[in-house]
Amino acid sequence: FTPTINEILELAVSHLEQAPRAMVSFGQGCEGEPLLREKLIAKAIRAIRAQTRRGLIHLNTNGSRPAALARLAEAGLDSVRISLNSARPELYQAYYRCCGYAFAEVRESLRVARRAGLWVSINCLTFPGVTDAPSELRAFSKLLAETGPDMIQWRNLNIDPDWYLELLARSGALSPAEPLGLPQMLAEIRRRFPAIRFGYFN
């Protein structure tokens with residue numbers, strides 16, 4: 001199912017005009033990758049903004065198409081959240097099984113969003129023993145320094161742990177080092193990047 005512009009407007013405009021702290025969002029993880037519908041979403045954003053300037057227009061994405069994200073920012077997108085499970089390309093690839101893109105595009109999408117002045121959030125799919133590995137701290141810190149997001153949302157990766165660890169081990173990049181522990185990992189990120197907000201942690 002692909003909605004028409006009018007169907008999008010019918011939902012979005014009335015919500016933006018009436019709701020407190022109003023926001024509409026394209027892409028919620030269960031409805032496909034919105035950057036693959038870039039032309040439709042760009043038209044919808046322009047049509048929404050032709051009727052109301054109120055509220056925020058947001059995008060949840062895997063960040064696979066930086067040029068498409070740039071065009072959506074130009075159309076009037078306000079904020080973006082890009083999901084990843086790791087800042088190490090091998091572990092990212094093992095989990096996401098990228099088709100037609102790689103982690104380099106995800107990194108570039110974060111840069112594109114920052115340059116465009118969007119509110120930028122990283123949705124970090126957190127898994128003890130992986131997210132808090134010393135090698136992940138180094139890679140994630142480098143990514144944050146390069147891209148400067150506004151927020152990190154630390155979300156549990158709800159997955160069979162044995163399957164996930166086996167999957168990542170096959171990549172050859174799973175760290176054998178003792179994990180730091182998630183509280184220490186978060187504290188270190190806060191120390192290194194005090195301007196970055198933590199938006200969620202469970």
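The legends below describe close-up views of a predicted model.

Residues are numbered from 1 along each chain as its sequence is written, and side-chain values use heavy atoms, with hydrogens and water left out. In this predicted model, local features need pLDDT of at least 70 and side-chain atom pairs count only at pLDDT 80 or more, while totals for chains, interfaces and linings use all residues.

**View 1. Helix H5 and its surroundings.**
Helix H5 covers residues 103-115; helices (H or I, at least four residues) and strands (E, at least two) are DSSP runs, numbered from the N terminus. Its 13 residues reach 19 Å from first C-alpha to last, close to the 18 Å expected at 1.5 Å a residue, where the expected span is 1.5 Å times one less than the number of residues. Phe103, Val106, Ser109, Leu110, Val112 and Ala113 of H5 are buried; buried means under 20% relative accessible area, exposed over 50%, and partly exposed in between (1.4 Å probe, protein chains only). These buried residues pack against helix H3 (66-75), strand S3 (79-84), helix H4 (89-96), strand S4 (119-126) and helix H6 (134-147), contact meaning heavy atoms within 4.5 Å. Gly117, with a positive phi near 80°, follows H5.

**View 2. Helix H6 and Glu136.**
The end C-alpha atoms of H6 are 20 Å apart, in agreement with the 20 Å that its 14 residues should span at 1.5 Å a residue. Buried residues of H6 are Ser135, Glu136, Leu137, Ala139, Phe140, Ser141, Leu143, Leu144 and Thr147. Their cover includes S3, H4, H5, S4, S5 and helix H8 (182-192). Glu136 lies in H6 and counts as buried because its relative accessibility is 3%. Neighbours within four places in sequence aside, Glu136 is in contact with Ser86, Ala87, Arg88, Leu91, Val130, Thr131 and Ser141. Just after H6, Gly148 has a positive phi of about 55°.

**View 3. Aromatic pairs.**
Eight aromatic pairs are present in the structure. Rings of Phe, Tyr and Trp (its six-membered ring) pair if their centres lie within 6.5 Å; planes under 30 degrees apart count as stacked, over 60 as edge-to-face and the rest as tilted. One of the pairs joins Tyr95 and Tyr164 edge-to-face, at 5.7 Å centre to centre with 90° between the planes. This pair links distant parts of the chain, with Tyr95 in helix H4 and Tyr164 in helix H7 (residues 161-169), 69 residues apart. Tyr95 is partly exposed at 24% relative accessibility, whereas Tyr164 is buried at 0%. Trp154 and Phe198 also form an edge-to-face pair, because their ring centres are 5.5 Å apart and their planes stand at 75°. Here too distant parts of the chain are linked: Trp154 is in strand S5 (residues 151-156) and Phe198 in strand S6 (residues 197-201), 44 residues apart. Both Trp154 and Phe198 are buried. One aromatic cluster is formed by Tyr92, Tyr95, Tyr96, Tyr101, Phe103, Phe127 and Tyr164.

**View 4. The largest pocket.**
The volume of the largest pocket is about 570 Å³. On a 1 Å grid over the protein atoms alone, a pocket is an open set of points where a 1.4 Å probe fits, with protein on both sides within 12 Å along at least five of seven lines; lining residues have an atom within 4 Å of a point. Grid points are joined across faces, edges and corners, and the volume is the space filled by probe spheres set on the points. Of the 20 lining residues, Pro3, Ile8, Phe26, Gly27 and Glu31 are the closest to the pocket centre. Helix H1 (5-18), strand S1 (23-26) and helix H2 (38-51) are the elements that give two or more residues to the lining, and H1 supplies the largest share, four residues. The lining divides into 11 nonpolar, five polar and four charged residues; Ala, Val, Leu, Ile, Met, Phe, Trp, Tyr, Cys and Pro count as nonpolar, Asp, Glu, Lys and Arg as charged, and the others, Gly among them, as polar.

Leu77, in the loop between H3 and S3, is buried with a relative accessible area of 5%. Not counting residues up to four places away in sequence, Leu77 touches Ile45, Ile57, His58, Leu59, Leu69, Leu72 and Leu118. Arg21, in the loop between H1 and S1, has a positive phi of about 50° although it is not a glycine. The relative accessible area of Arg21 is 83%, so Arg21 is exposed. Arg97, in the loop between H4 and H5, likewise has a positive phi of about 50° without being a glycine. Arg97 counts as exposed at 53% relative accessibility.
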